[in-house]
Amino acid sequence: MDNIVLEYRDPLLGVILIVGLIFIISFITYSYGIYKERNARKDYRKLSLRFELGKLKEEDYVHLYKTYNLPFDSILLLASTFLHKGDYNKAISVYLTLLEHVNDRVKKEELLELLGTTYFKGGFLQRSKEIFLRILKFSPHNENALKYLLLINEKLKDFKKAKEITSSLEELNCDVSIDKIYLDSLVIINDSVLSFEKRTSLLYEIFKENRIIERVFVSFLIQYNKTFFWEHIKEFDCKKCIDIMWYLNFEDVNFEKVMENQFLTELFNAKGYLNNLLHSEDFDLDILILINKHEHKIKASLDFEFICSSCKHSHPVFDTRCPHCHSILTFDVKHRLTKSFFTMNQSLQ
């Protein structure tokens, strides 16, 4: 009997007890893990449903990040859906909430960049400027932050400050040659101390070396120095400024100079300011010339669209910077026939 019954001091009993204890603990841990996983899946399904319905709250994104260890990039991708919907305020709230819980420097910098660009897209320029300045305090070589600061200062019409930023970008081997020429032109145009004649002279010197500012220069001349414009009309490619020419008032046109330019002669015949041509090499202008000669005139005009040569996006109005890719002076103007909504002598200036 003594050989059959194990005494409590027997080493084998200790081994059996340890094995049993390990089994019980493992079973409890496994069961709790399954229970926790089921609850987590149930909770995750609820969050997924709320995401599909667009009802996720700011704290839900933090919950996904901290509880489910969802990759940070995936969290940002989810938050970016608000940007695509144009709900900038919601996107900003999510980024601000995440910033309170993210400690990693790289992730924090990425979040701040997204927050700054969202403020920029939403039109909160001053807040966007503050965010990018904050980024530069701990990451002075952040190229993206510098580029957005340049854009923000330009929109705030602080052209001198924008010009200073180009120097920092040059140190990072960024090509900002066009930006510098463009900003130099804006500094001159917006210098109220200089007379219009002096501004014209300075811009003309830039134009002779860099024809990329042609449209900016022409727009300035049409508004402030038409005499200079018509005296130097042969130096400009008027086809690139066809919309500006089209919307000129009758009294602003120097017809003596126009008669020396074939394209302008065709354009103003199509407009109805002249009546000395039968045809034009341009199809749309040719149709308008024929319409003007018809007894029962049909109300027709030209409509314009502007296509960025960099990103190929089309825009209904001209801008010196493409709103999509922020390239400078990359818009090509295209024209087409349309029903006229304007009177003959109406100008958009």
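Helices (H or I, at least four residues) and strands (E, at least two) are DSSP runs, numbered from the N terminus. The model is predicted: local features need pLDDT of at least 70, side-chain atom pairs count only at pLDDT 80 or more, and totals for chains, interfaces and linings use all residues. Residues are numbered from 1 along each chain as its sequence is written, and side-chain values use heavy atoms, with hydrogens and water left out.

**Exercise 1. Backbone angles**

Task: Find where His 326 lies and state its phi.

Solution: 
- Step 1. His 326 sits in the loop between strand E2 (314-315) and strand E3 (331-339).
- Step 2. Its phi is positive, about 65 degrees, although His 326 is not a glycine.
- Step 3. Most residues other than glycine have a negative phi.
- Step 4. Take the scale of accessibility: buried means under 20% relative accessible area, exposed over 50%, and partly exposed in between (1.4 Å probe, protein chains only). His 326, at 24%, counts as partly exposed.

Solution: 
- Step 1. The loop that holds Lys 157 runs between helix H8 (143-155) and helix H9 (159-171).
- Step 2. With 58% relative accessibility, Lys 157 counts as exposed.

**Exercise 2. Cysteines**

Task: State how many disulfides a search of the whole structure finds.

Solution: 
- Step 1. A disulfide is a covalent bond between the sulfur atoms of two cysteines; the cut-off used is a pair of cysteine sulfur atoms within 2.5 Å.
- Step 2. The search of the whole structure gives zero disulfides.
- Step 3. For Cys 238, the nearest cysteine sulfur belongs to Cys 241, 6.8 Å away, and Cys 238 is in no disulfide. Cys 238 is buried, at a relative accessible area of 5%.
- Step 4. For Cys 325, the nearest cysteine sulfur is that of Cys 308, 3.7 Å away, and Cys 325 is in no disulfide either. Cys 325 is partly exposed, at 27% relative accessibility.

**Exercise 3. Helix H8**

Task: Compare the span of H8 with the expected one, then say what its buried residues pack against.

Solution: 
- Step 1. The expected span of a helix is 1.5 Å times one less than its number of residues.
- Step 2. H8 has 13 residues, and 18 Å is expected; from first C-alpha to last H8 reaches 19 Å, close to that value.
- Step 3. Among the buried residues of H8 are Ala 145, Tyr 148, Ile 152 and Glu 154.
- Step 4. With contact meaning heavy atoms within 4.5 Å, the buried residues of H8 pack against helix H6 (105-121), helix H7 (125-138), H9 and helix H10 (177-189).
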